[in-house]
There are 2 protein chains.
Amino acid sequence: MDNLLKYIHSLTEFSEQSWELLQPALSKREFKKNDFLLQEGNICNSLFYIESGYCKSYYNIDGTIKNTGFFFENDIATNINSFGSEEKSEFNIIACEPLTVIVFNKQKLFEAAKQAREIEALGRSCIRLFASKQEEFSNLFKLYTAQERLNYLEVNHPSILQRVSLSQLASFLGVARETLSRIRKRRNLR
Amino acid sequence: MDNLLKYIHSLTEFSEQSWELLQPALSKREFKKNDFLLQEGNICNSLFYIESGYCKSYYNIDGTIKNTGFFFENDIATNINSFGSEEKSEFNIIACEPLTVIVFNKQKLFEAAKQAREIEALGRSCIRLFASKQEEFSNLFKLYTAQERLNYLEVNHPSILQRVSLSQLASFLGVARETLSRIRKRRNLR
DNA sequence: GTAGTTTTGTGACGATTGTCACAGGACTAG
DNA sequence: CTAGTCCTGTGACAATCGTCACAAAACTAC
C-alpha cells in the first residue's frame, strides 16, 4: 500500500487519520493476463489503482477490438461515466500482464468520504486527473496527424510505446495496424 | 440564477443553505461575440456556467485555428487541467455569440466547499460530468471514421450541428473543411 | 527443441483526405 | 443599396489511409 499512499500524498493533503478511515474501502487484488477488471454490460463500482503490470480499456465493435486507453503503474483505471452514473459500461478493461491493483470500492469510499473531507478531496483530485488525461488525448486527434500523435506519445508518454505492442497501439492512435507500420517506416527514411 | 439552481439540483442534493453559502462564489457576466473567457497563457481560475449563447475552446497552432470544444446552455466551460493544476492554459475560450454566463470563482468556491459538504459534492459532480464528456469525444476518434463521427453528433448532440457553422465544426471533427463538405455530399448521394 | 501463436512488415489497389484555388451565396455594417 | 466579409461547395492532384493477402520474425507453451 506504500505506493498508493505516496500517490495520494502527491495529489492532496492526507492525514494518518484519513488514511485509516480509507482502509475499509481498499482491497488488494491480483489479475492474471487477460482477466477482466470490468466487462461490457456491467456497472463499474470500482476505481483500480495499479501497483504493478498494466491493463487496457477496449471496445468490441462488431468483433473488432478498439483499444481506447492504457493504464500503467500509478494510474487509476475505471469507467468514469459508469462509475458516476450507474449506467452499464460499454467497454471492457482487461489485464495485459499479470496485474496487482488496489481496488477502491465505490460504496465504502463514499461512506469514508462522508467522515473525512480529505477523502472527499482525494476523490475530486482523482477525477480531475482523469478528466485532464481524457482532455489531453481527445485534443490530440483534433490537433495532430497520426504521425504527429505518434511523436507526441514518444515524447510525453514513452511508457506506452515501450510496453505496448504496435498492433495494440494502432487502434489507440486511431489508425490501422499497417498504417502505423508505414508511419514508422516513413519517419526512419526522412 | 434559476437555470443554474435547476442544473445543480439535477446533479446532486442541494439545500437552501448550501445555495446561500455558494452565492459569494458566483457572479453573472456578459460577453460580446469574440470576447475571450480564457486566453492562452493565463491560468484558469473559473468555471463558466452558460446561461445563454455559446462559446468554444480552440488552439492556435501556427496561425491555424483548431476548435476542440463547443459549450452551450447548461454546459460548464473551463480548462479543467489549468483550473486544477494552476498551469497556464494552452488554449482559448471565446464567445461565439453574445453570451451570458455565471462565473464560479475558484478561490471562493473552495472556501464555500469547506463550509458545506454539498458544495464539495457539487464540484465533484461537475468534474465527473466534464470527464465523461471528454471520454466520450475522445473515444469517437478511436472507434469511428469521420463520417461516423458526424452521424454520431447528429444523433447524440444535434445542438452542435444546428448552431455551429460547418467551417467551425470541421476541426472539431478532426478533418479539413473541404472534407466535411464532401462527407455530407457522399452521404446525400447514397 | 518444436509446433503453434502472435507480431510486424510489405505489396497492391481502391477509397479517402489535405491542400490549393476559385466561385457563388449568405450575411453584415454603414 | 453596396462593399466587404464569411460560409460553403467543388475541381484537381498528390499524399495518406484502409483493406486484403502473404511471409518472415519473434514469442510461447509444452
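Trainee: At the start of α4(B), which backbone nitrogen does a side-chain oxygen of N105(B) reach?

Mentor: This is a predicted model, in which local features need pLDDT of at least 70 and side-chain atom pairs pLDDT of 80 or more, while totals for chains, interfaces and linings use all residues; side-chain values use heavy atoms, without hydrogens and water. Residues are numbered from 1 along each chain as its sequence is written, and chains are lettered from A and ligands numbered from 1 in the order in which they are written. Helices (H or I, at least four residues) and strands (E, at least two) are DSSP runs, numbered from the N terminus. A polar contact is a pair of N or O atoms within 3.5 Å; within protein, one must be able to donate a hydrogen and the other to accept it, and residues adjacent in sequence count only if both atoms are side-chain atoms. Here the oxygen of N105(B) comes to within 3.1 Å of the backbone nitrogen of Q107(B).

Trainee: Which residues of α4(B) are buried, and why do they line one face of the helix?

Mentor: Buried means under 20% relative accessible area, exposed over 50%, and partly exposed in between (1.4 Å probe, protein chains only). Helix α4(B) spans residues 106-115, and its buried residues are K106(B), L109(B), A112(B) and A113(B). Viewed down the axis of α4(B), these buried residues fall within an arc of 120°, taken from the directions from the helix axis to the C-beta atoms, so they line one face.

Trainee: Which residues on the other side of α4(B) are exposed?

Mentor: The buried residues of α4(B) have a cover that includes α5 of chain A and, from chain B, α2, β3, α3, β8 and α5. On the other side of α4(B), the exposed residues are Q107(B), K114(B) and Q115(B).

Trainee: Which residues does I127(A) touch, not counting those up to four places away in sequence?

Mentor: I127(A) lies in helix α5 of chain A and is buried, with a relative accessible area of 10%. Its C-alpha atom is separated by 7.9 Å from that of I80(A), 47 residues apart along the chain. Counting contact as heavy atoms within 4.5 Å, I127(A) touches I80(A), R124(B), I127(B), R128(B) and A131(B).

Trainee: Which residues of chain A lose the most area to chain B?

Mentor: Between the two chains, 36 residues of chain A are in contact with 36 residues of chain B. Buried area is the accessible area (1.4 Å probe) that two parts lose on being put together, summed over both; for chain A and chain B it is about 3,400 Å², with 57% from carbon and sulfur atoms. In chain A, together giving 22% of what that side buries, the residues that lose the most are R117(A), R124(A) and K142(A).

Trainee: Which element gives the most residues to the surface near DNA strand D?

Mentor: With six residues, the element that gives the most is α9(B).

Trainee: What is the phi of D62(B), and is the residue buried or exposed?

Mentor: Most residues other than glycine have a negative phi. D62(B), in the loop between β4 and β5 of chain B, is not a glycine, yet its phi is positive, at about 50°. At 78% relative accessibility, D62(B) counts as exposed.
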